[in-house]
Amino acid sequence: MTKYLKIFLFAALLIPHSSNLFAQHLAWRQYTTVDGLPSNAVYGMLQDSRGFMWFATDLGVCRFNGYAFHRPVDTSSFASNEAFRLAEDAAGRIWFNRLDASVWMVENDTVRRWKYNYIIQKYRNEFINLGSLAVDKNGVVWVQLPNLGLLRVLPDGNHKILPSLDRSVNIFTIVGNKAILSYETSSNPNPEDSPMLTKETFRWQEGDLVSLGRFPIDIKQAKKSSTSGVWLLQNGDFIFNLLQTFYLIRDNRLIWQGVKDVVVNDIFEDSDGAILLASRGGKHPGLLRFPSFEHFLRDDFSNILDKYNIVSALRDREGGWWASSTNAGVFYCKNPEMEFFDSSNGLPFNDVQSITSDGKASVFVSLRPSGVCRIDARNGQINQLPAPYPGLNADQTVLRFDSSNQRLWFNPYLTVFEKGHWKEIVYTNPKTHSDYPIFIKKITPSHVNRLWWASSFSDFFSIDPQRCTAVRYYVDSSKYSRTHAVAQDFEGNIWVATDEHGLRIWRNNRYEAPPFDHPALRYPARLVEILPDSSMVISLRGGGLLFRSTQGHFSHLTVKDGLSTNWLSDLEIMPDGTIYASSNTGLNVLHPKGNGVWHIEQFNTKHGLPSNQVNDLCLLGGELWVATDRGIGRFRKKPLPSAVPTPMLEQFLVNNKITAFSENLQLSHLQNNISLHFFALHYGSGGDINYRYRLAGADSTFVYTHNREINFANLAPGNYRFEVQAQTEEGRWSEAARWSFDILPPWWASWWFRLLVVAALCLAAFLFYRNRLRLIRREAAERDKMRDLETAALRAQMNPHFIFNCLQAIQSFIARNERDVATSYLARFAKLIRLTLHGSVDGRHSLAEEMAMLENYLLLEQMRFKGHFEFVIRTSEGLDPDEISLPPLLVQPYVENALIHGLEGRETGGRVEIIFTQKQDALEVTVMDNGKGFSEKEKAAFDKRPHNSVGMMLTQKRLDLLAGAGKNAGEHFSRETLLDASGAVTGTRIRFEVPVLKRAPAPFSIITT
C-alpha cells in the first residue's frame, strides 16, 4: 500500500463518507389539473374579502374553498380564454383582464363583460397588452396601458389617461394596498453610446403628479427582461422594478438601486420582514426568499421553489404561503416556519428512527433500514456517517449524544462514534471473563450521577459515558423477562419497566414490587421517567400516562384528558418539566401547571408534521426536530392555531334540486327532502375538518361528522333551523352558522284553512240561526195574525151584543116618549160607535180611548137608568193613558156586568169604579161596584145565565189569546164580594190583567161623573 493510499484511507475514517449539498425544503402541497385546477398555467392569485382563493389561469378564472376548485358561469364566447391580473372591488366582485385587451368581472358567480371596454378599444393601437388593474373604494377603475399610461375610468364612464404629458415617462399610483405601474420602453433619450437608459418616473398621489426623478437602467440588463412593477412594503417604502433593475423608494425619493438576474412578476413582504420574489425566468427562476430587506439589498436568498417558473406569490390570512407557476399549477405551504428533510434533499431514507443533537449546530439521525447521518442545522447540509458495523439493521436503533465528552452513542449494539470512527462497547462476564456486545433498547440519563441506564432483553445496564464502560444487572434465572426502560430517581432507586412483572424496583440484586399501587397499573408499564421535580411518570401500554408525586399522589391521563392516544412509544423530558410524548398519532406536548395538572397540546400532520408516526425528537437552539417515518420536520416555531371561520353554505337542495336560499324561506309540504352542502374556509386543514350539526325543530342533539353534505328526508311541516360548526386544530369549535327555513303544512292542515273552516261553521250556524229565527218570527207572525183574526172575530161577535143593548135602551126611551133623552142618547151612542169602529179597524187603541169609550158607555147607561148610579174611571200614579195600548172593549163587559147584576135592585146610590194600574208588562184592571154581591150559589147560577155568558165568555177567550200560547188568562182573574168590618156585603170587585205595551209614564188622572 502506497503512502498516499494510506493517507486517503485514514482520511476516510475521519471525514464522513458522503456529503450531500441538498438543503432542507418547505412542505409544499401542489394543486394541478388532477385536483380540478382548470390549467397548470396560473398567471395570478388573489384572496378575496370572504377568504376564497382565486386563480387566473390559461383557461379562465376559478375559485378554491380548500376542498375543490369552482369555475363561475361564463356563457360568452371567451369562456375558456386566458385570464390575467386579478382584483377585487368594494362590492366583492372579482375583476380580471384577457389577452384581447378586455376587462371582465365575476358577479354573483357569473362572468360579465365590463361595460366600458369600448374606452380601452379607443386606444387599442397605442399599446400591446393590458397590464395590471385595480378598483378603488369609490368604484374608480385603474387599468395599466403599457407605453401609454394609466387609464382612470369613473363609475359614470368619464375617463382620463395619466400622465397626459407630451414626453414619455413612467407613472405609478397606489390603489388601496396595491401599486399599479405603467412604463415606457420604446424611446431612449440618451445617446446610443450611453450604457445607461434613464426615464423620468412620476407618482400619482392625491390628484397630483409627483416626480421621483430619472431612474437609470442598465441597458445590458434591460435586454434580458421586459417586466416591470412596483410593490408596497409594510413600512411604506416601495420596491420599484424596471426590467431587471430594482429601486428602493422612500418618501418619494430614490435611495437605492441594484440589478438582479431574475424575471420578476410579483413581490410580497412576509410578516417577519422577509422578502419573497416570484421569478419566472432569468438566472434564478422560482420563489426567492430574502430573510430581510438587508439580504435583498446584497442579493442573499434561498430559492425555495427552484424547479418552477413562479408568477405570483402571497401569504394568506392563516399565515400560509401560495405560489403559482406557468407550468406546474399552484403550490401551498401551510407553515413556512417548518422545514423538511427527506430523501428528496439528501437523506438516504425517509424512515427516521432516532434523532439527537450536540447542542450546538449538528443533528444526528439513524435511519431505517440502515444509515446514520449528520445534519448541519446552519445550512441544512446532510453528511452520511460510516456504518457502525457491517450488516447493520437499524430497526430498533437509538442515538444519544454525550455533549460533555462530544461522543455519539448508538445501538442496538452499543457503539460510540468519536474522532471519525466507531468503537463497540462490551461488558465482561465475571464468570467466564469473556467480552460480550451490549444489545440495548433505550438509554436514559441518571438524575443522581453521570451514569446512563439502558434497557435490554432480560437485563439492564449502567453505562459510564466518560469511561465507555458498562455494568450488567440481571436476575440469575432461566426465565426470560424483557426490560423496556430503566430510570434512577433522586434517592438512588432504580425503577425498571419489565415485560413480565410490569413496574419493578431493583433492590438487593432482584426485582421487588413497588411500595404503592394504583388501578392503572393493571396496564403493562413500558416507559418510566423521573421528572425534574423528582416526581415519576409511567407510560402504560394502552393506559396513557400515570404520574406519582413525591408525596405519593397520583394523576392518570388518557385520551379523555386530551392525549391523542393511550399508546405512547417514547418520552422526552425537558429541563422545565415539559414532556414530549411520541406516538403513532402524532406528538403530545404536556406542560406542567402544578398540583398534578397538565396542559396537553397535540401536534400532528394538521400542524405540518410529515407523518403522524413520530419516532423521536430533539431540541436544538429553541427549534424542535421531529423524526417520523416520512422524514424530519424542523420547526423554527410552532404555528399559532388559526381560527376556523364560520362554515358557509355551498348549496341548498330541495328534492334534489338546487334552490336559492334566502331568509324566511318557506317550502311546501311536498318540498320536504332537504340537502345542505357546506364548508369552512381553512386551507391549513387540507380538507380534513370535523363538523358538528343539528336541526333545531327536529332534534336538539349535535351530530359529529366529517362529511360536508347533510340530507334530511320526509321532514314534517314546521319551523327548522340548521346549525353547523367547524372544529379547529386545537379542538375548539367555530361560531355556528345558522340557516332557517319553514316547511308549510298542506292546505287542509294550514291555519288559514282551519280558520276558514271555523268561519264556515260560524257562518253556517249564523245562517241556520237566522233562518230559524226568520221561521220562528214567521210562525209567530202567523200566530199573531191568527190571534188577531180570532180577536177580530170575537170583537165582531161582541159588537152586535153591545149594539143590541144600546138599541134596546133607545127603544125604551122612545117608548116612553122621551124624545130629548133619546136624541142625546143617540148622539152619545153614535160617538161610542165611532170609537168602537176605530178600535175594530186597528185592533188596538190607547188606554185613553178605552177610558173615553167606557165613559160614553157609562153616560149612556146613566141616561138609561136615570141617574141611579155614579162612576169613577181613574189610573194609578205614573201611568200615561196615551202611552198604553190595548185591545178595545175588553173592560166594557165587566162594567156592564157590574151595572146589570151588581147594582140590580138598587134604585139609587149605585157606584161603579174602574181603576187601571201598571204591573210590569201587564195592565191590571179593577172593576168595583157597591151592589149586593153574591154567594157561591149565586155565583154558579150567575155563570150559567145565558144572557151574560156570551159577553163574558168572549172576553175570557180574548184574554187567553192575548196571554199567548200555553198561558191561561184565568190565572190572573179574580172575582170577590166586598164586606165591611161587620161582615155586611158592600159590593163586588173583579180584577184581571191585560197584556199591553208600555210606553212613557204619565201623571195620575181621574175621570168622574
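Tutor: In what follows, contact means heavy atoms within 4.5 Å, and the structure under discussion is a predicted model.

Student: Which residues does Val 912 touch, not counting residues up to four places away in sequence?
Tutor: Val 912 is found in strand E73, which covers residues 910-919, and Val 912 has neighbours that come from elsewhere in the sequence once residues up to four places away are set aside. Those that Val 912 touches are Phe 869, Glu 870, Phe 871, Val 872, Val 895, Leu 899, Leu 903, Met 928 and Asp 929.

Student: How many Å apart in space are Val 912 and Glu 870, C-alpha to C-alpha?
Tutor: Glu 870 is among the residues that Val 912 touches, although the two are 42 residues apart in sequence. From C-alpha to C-alpha, the separation of Val 912 and Glu 870 in space is 6.3 Å.

Student: Which residue in E29 stands opposite Ile 310?
Tutor: Strand E28, residues 310-315, is mostly covered, with five of its six residues buried, and five bridges join E28 to strand E29, residues 321-325, in an antiparallel arrangement. Within this pair, the residue of E29 that stands opposite Ile 310 is Ser 325.

Student: Which residue in the turn of the hairpin formed by E28 and E29 has a positive phi?
Tutor: The hairpin formed by E28 and E29 has five residues between the two strands. In that turn, a positive phi of about 95° belongs to Gly 319.

Student: Which residues touch the most other members of the largest nonpolar core?
Tutor: The largest nonpolar core has 53 residues, and a second, separate core of 43 residues includes Leu 860, Phe 871, Phe 916 and Val 996. In the largest core, the residues that touch the most other members are Phe 55, Trp 322, Phe 722 and Phe 741.

Student: In what order do the four strands of the open sheet stand, and which of them are at the edges?
Tutor: The open sheet is antiparallel in its pairing, with the order E42-E43-E44-E45. At the edges, a strand has a single partner strand, so one side is left without a neighbour in the sheet, and this applies to E42 (442-445) and E45 (469-474).

Student: Which residue in E45 is the bridge partner of Ile 463?
Tutor: Strand E44, residues 459-464, runs antiparallel to E45, and six bridges join the two. In E45, the bridge partner of Ile 463 is Ala 470.

Student: What is the relative accessible area of Cys 468?
Tutor: Cys 468 is found in the loop between E44 and E45, where it has a positive phi of about 60° although it is not a glycine. Cys 468 is buried, with a relative accessible area of 11%.

Student: Does Asn 664 count as buried or exposed, and at what relative accessibility?
Tutor: Asn 664 also is not a glycine and has a positive phi of about 60°, and it is found in the loop between strand E62 (657-658) and strand E63 (665-667). The cut-off for an exposed residue is over 50% relative accessible area. Asn 664 therefore counts as exposed, at a relative accessibility of 68%.

Student: What is omega for the cis peptide bond that joins Leu 162 and Pro 163?
Tutor: Pro 163 lies in the loop between strand E15 (159-162) and strand E16 (170-175). The peptide bond joining Leu 162 and Pro 163 is cis, and its omega is about 20°.

Student: Which backbone nitrogen does the side chain of Thr 565 reach at 3.2 Å?
Tutor: Thr 565 lies in the loop between strand E53 (554-557) and strand E54 (570-573), and at 10% relative accessibility it counts as buried. Not counting residues up to four places away in sequence, Thr 565 touches Val 559, Ser 583 and Thr 585. The backbone nitrogen that its side chain reaches at 3.2 Å is that of Trp 567.

Student: How many Å does helix H7 reach from its first C-alpha to its last?
Tutor: Helix H7, residues 847-864, is mostly covered, with 13 of its 18 residues buried. At 1.5 Å a residue, the expected value is 26 Å, and the reach of H7 from first to last C-alpha is close to that, at 25 Å.

Methods:
Residues numbered from 1 in each chain as written. Predicted model: local features only at pLDDT ≥ 70, side-chain atom pairs only at ≥ 80, totals over all residues. Heavy atoms only, no water. Buried < 20%, exposed > 50% of the residue type's maximum accessible area, 1.4 Å probe, protein only. Pairing = 2+ DSSP bridges. Core = buried A, V, L, I, M, F, W, Y, C linked by side-chain atoms within 4.5 Å. Polar contact = N/O pair within 3.5 Å; in protein donor to acceptor, adjacent residues only side chain to side chain. Expected span 1.5 Å × (residues − 1).
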